[in-house]
Amino acid sequence: MILVNTDYITGKNLEMLGMVKGSTIQSKNLGRDITQGFKTLVGGELKAYTEMMNEARALATKRMTEEAQRLGADAIVNIRYASAAVMQGAAEVMAYGTAVKFV
């Protein structure tokens, strides 16, 4: 499966199959949340949250790809990501794009 953030793939004619998406809501455990709260006092990267968001993007991408495979897609073009805080310490990540088949 080819994944790109452009609306074309060089050298390929594309048949649009439709929008596909994948999402997840992730949170860290209370202990991690507390330690990351202390980290905000001194500054620097909140590594537990960076890891959480990386895991969330990977899972959302996997779910989007699985949806595209069910449609018989060869690729997903124009991929975008969106995120939103759902509650303190929890975030939703959504991956979406257009599933296409090579013609």
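Q: Which residues does L14 touch, not counting residues up to four places away in sequence?
A: L14 touches D7, Y8, I9, V77, V100, K101, F102 and V103, where contact means heavy atoms within 4.5 Å. This is a predicted model, in which local features need pLDDT of at least 70, side-chain atom pairs count only at pLDDT 80 or more, and totals for chains, interfaces and linings use all residues. Residues are numbered from 1 along each chain as its sequence is written, and side-chain values use heavy atoms, with hydrogens and water left out.

Q: Why is L14 called partly exposed?
A: Buried means under 20% relative accessible area, exposed over 50%, and partly exposed in between (1.4 Å probe, protein chains only). L14 has a relative accessible area of 23%, so it counts as partly exposed.

Q: What are the elements of the chain, and in which one does L14 lie?
A: From the N terminus on, they run β-β-α-α-β-β, which makes two helices and four strands. L14 lies in strand β2. The labels come from DSSP runs, with helices being H or I of at least four residues and strands E of at least two, numbered from the N terminus.

Q: What makes N13 exposed, and where does it lie?
A: N13 has 55% relative accessibility and therefore counts as exposed. N13 lies in the loop between β1 and β2 (14-27). Leaving aside neighbours within four places in sequence, N13 is in contact with K101, F102 and V103.

Q: How far from V103 are the C-alpha atoms of N13 and L14?
A: For N13, 90 residues from V103 along the chain, the C-alpha separation is 5.5 Å. For L14, 89 residues away along the chain, it is 5.9 Å. Across the chain, residues 24 or more positions apart account for 75% of the contacts with a separation of 6 or more.

Q: What makes K12 count as lying over the face of F102?
A: A charge sits over a ring if NZ of Lys or CZ of Arg is within 6 Å of the ring centre and within 35 degrees of the ring normal. K12 lies over the face of F102, at 4.7 Å from the ring centre.

Q: Which residues make up the largest nonpolar core?
A: This core has 11 residues: V20, A56, A60, M64, A68, A73, I76, I79, V93, A95 and A99. Helix α2 (47-70) and strands β3 (75-87) and β4 (90-102) each supply at least two residues of this core, and α2 gives the most, with four residues. The term covers buried Ala, Val, Leu, Ile, Met, Phe, Trp, Tyr and Cys residues joined through side-chain atoms within 4.5 Å. In soluble globular proteins, nonpolar side chains tend to be buried together.

Q: Why are A60 and A99 called buried?
A: A60 is at 0% relative accessibility, so it counts as buried. A99 also has a relative accessible area of 0% and is therefore buried. A60 lies in helix α2 and, beyond its neighbours within four places in sequence, is in contact with G22, S23, T24, V93, M94 and A95.

Q: What makes T65 buried?
A: T65 has a relative accessible area of 13%, so it counts as buried. The place of T65 is in helix α2, and its contacts, leaving aside neighbours within four places in sequence, are M1, L3 and I76.

Q: Why is N78 called partly exposed?
A: N78 is at 31% relative accessibility, so it counts as partly exposed. N78 is found in strand β3 and has a positive phi of about 55 degrees although it is not a glycine.

Q: Where in the chain is confidence lowest, and where is it highest?
A: Helix α1 (residues 30-42) has the lowest, at a mean of 53, and strand β1 (residues 2-3) the highest, at 98. Here pLDDT is the predictor's confidence in each residue, from 0 to 100. The chain averages 87, and 84% of the residues score at least 70. Where pLDDT is low, the predicted coordinates should not be read in detail.
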